[in-house]
Amino acid sequence: MSRAQTLWDLLEAGDDLTIVCHNNPDPDCLASAVALGQIAASAGIDERRILYSGDISHQQNRAFVNLLEVDLVPFDADIVRNREAGSLLAFVDHSVPGANNRVSPETPVDIVVDHHPAENVEATFVDHREDIGATATIFAEYIRELPMDPNARVATALLFAIRRETLGFLRGVTRAEYEAAGYLHDYTDPDLLRQLSSPAVSGATVDAIADAIDNRTVHGSVLISHVGRTSERDALPQAADYLATLEGIETAIVFGIVDDAIQLSARSTDSRSNIGEILHDAFEGVGSAGGHREMAGGEIPLGVFAGYAEDDAKFVTIVEEVVTARLLAALNITDREREDEGTDEEDEAE
């Protein structure tokens, strides 16, 4: 029996479905939730809800929710706690309770569909494929195999998510993404796809990206930067994407203080290393970080800096120094290498 049919059978036996997005959901997570909702509806589940936590601040994410009329419900622990028999709980684009979500670690999960690296993934139905470029690709595969066709809203959501997650089929892409895109093409709304692809950018986002450009430091082929305090969490991956294109740069890491946590975003084309593992090693024990070989992120609660200076400017400087030091250590960039780089820069200035 195929994975798609196994999922269908589980949904057919269910009474209602709660889909939990990861914190600050992106298009891959949102599209996967929308697609699972359509599959569940086709399997006979009338009561469905999508829960999210954090912010939807990236201009493309806001456009996605608004243009596709995605009905989202703020996370409510009571909905996922002590569920009745037949009430199914699903994770899409993440896989472990308590990791990048607000679900209690001991909560049983019925459905997990994800492509991010993770350990100890447990659920009644698990489809965890780290070698796939996007979770949306998996859902496109399901719909193609099941006795249903995607409506224009779902097809457009999935195709946009695949394009966005793979940076236009240039990052982490596999044959499966091309096959999914070819299948979805005939069902999509081209005008809606164009609108999703070119949303307006806020001035605050541009300012944050400008700060990342100004604050960059380069260590060989590695670039590290920060934006200080910002309300624009999603400016960090946009800045990392842009800075990773600089000549001679193979790895770009951008971080900033957002509300009560330090957020990080990283991009890498260095085939010798795995940026997800590097971030995980750098902040293991003090925060949550990880991801793929080419793309990763993380979050560090500011509580780990308790006792440092209360002056905001000094505090930002302390955060910058501590986070940068951890990153350089995880990247095996030594003090001697940094001194050599400084000497090179002085020679160039002369």
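## What the record says

You're looking at a predicted model. An unreviewed UniProt entry lists residues 18-162 as "domain: DDH". In the model, that span is 35% helix and 18% strand. Its end C-alpha atoms sit 23 Å apart.

Let's look inside. In soluble globular proteins, nonpolar side chains tend to be buried together. Here, the largest nonpolar core has 58 residues, and Leu-11, Leu-17, Tyr-142 and Leu-158 have the most contacts inside it.

Take Leu-11 as an example. Leaving out residues up to four places away in sequence, Leu-11 touches Leu-17, Leu-36, Ile-39, Ala-40, Ala-43, Ile-45, Leu-88 and Ile-111. Another core, of 27 residues, lies apart from the largest one, and its members include Ile-257, Leu-264, Ile-278 and Ala-296.

## A buried asparagine

Now for a loop. Asn-24 is found between strand 1 (16-20) and helix 2 (27-42). Is Asn-24 buried or exposed? Its relative accessible area is 10%, and the cut-off for buried is under 20%, so Asn-24 counts as buried.

Which residues does Asn-24 contact, if you ignore neighbours within four places in sequence? They are Ser-53, Gly-54, Asp-55 and Arg-233.

Next up is an open sheet of 6 strands, in the order 7-8-9-10-12-11, with mixed pairing.

Strand 8 (residues 222-229) and strand 9 (residues 251-258) run parallel, joined by 6 bridges, and Ile-224 stands opposite Ile-253 in strand 9. Strand 10 (residues 261-268) and strand 12 (residues 295-301) run antiparallel with 7 bridges; there, Ser-265 faces Gly-297 of strand 12.

## A hairpin and a helix

Strand 11 (residues 288-291) also runs antiparallel to strand 12, with 4 bridges between the two. Together they make a hairpin, with 3 residues between the strands. Gly-291 has Ala-296 in strand 12 as its bridge partner, and Ala-296 is also among the residues of the 27-residue core.

Finally, helix 10 (residues 235-243) lies across strand 8, strand 9 and strand 10. Helix 10 runs at about 160 degrees to strand 9.

Key
Residues numbered from 1 in each chain as written. Predicted model: local features only at pLDDT ≥ 70, side-chain atom pairs only at ≥ 80, totals over all residues. Heavy atoms only, no water. Buried < 20%, exposed > 50% of the residue type's maximum accessible area, 1.4 Å probe, protein only. Contact = heavy atoms within 4.5 Å. Pairing = 2+ DSSP bridges. UniProt positions renumbered as here; feature names shortened; annotations may be inferred. Core = buried A, V, L, I, M, F, W, Y, C linked by side-chain atoms within 4.5 Å. Axes fitted to C-alpha atoms, helices over the stretch in contact; angles between N-to-C directions.
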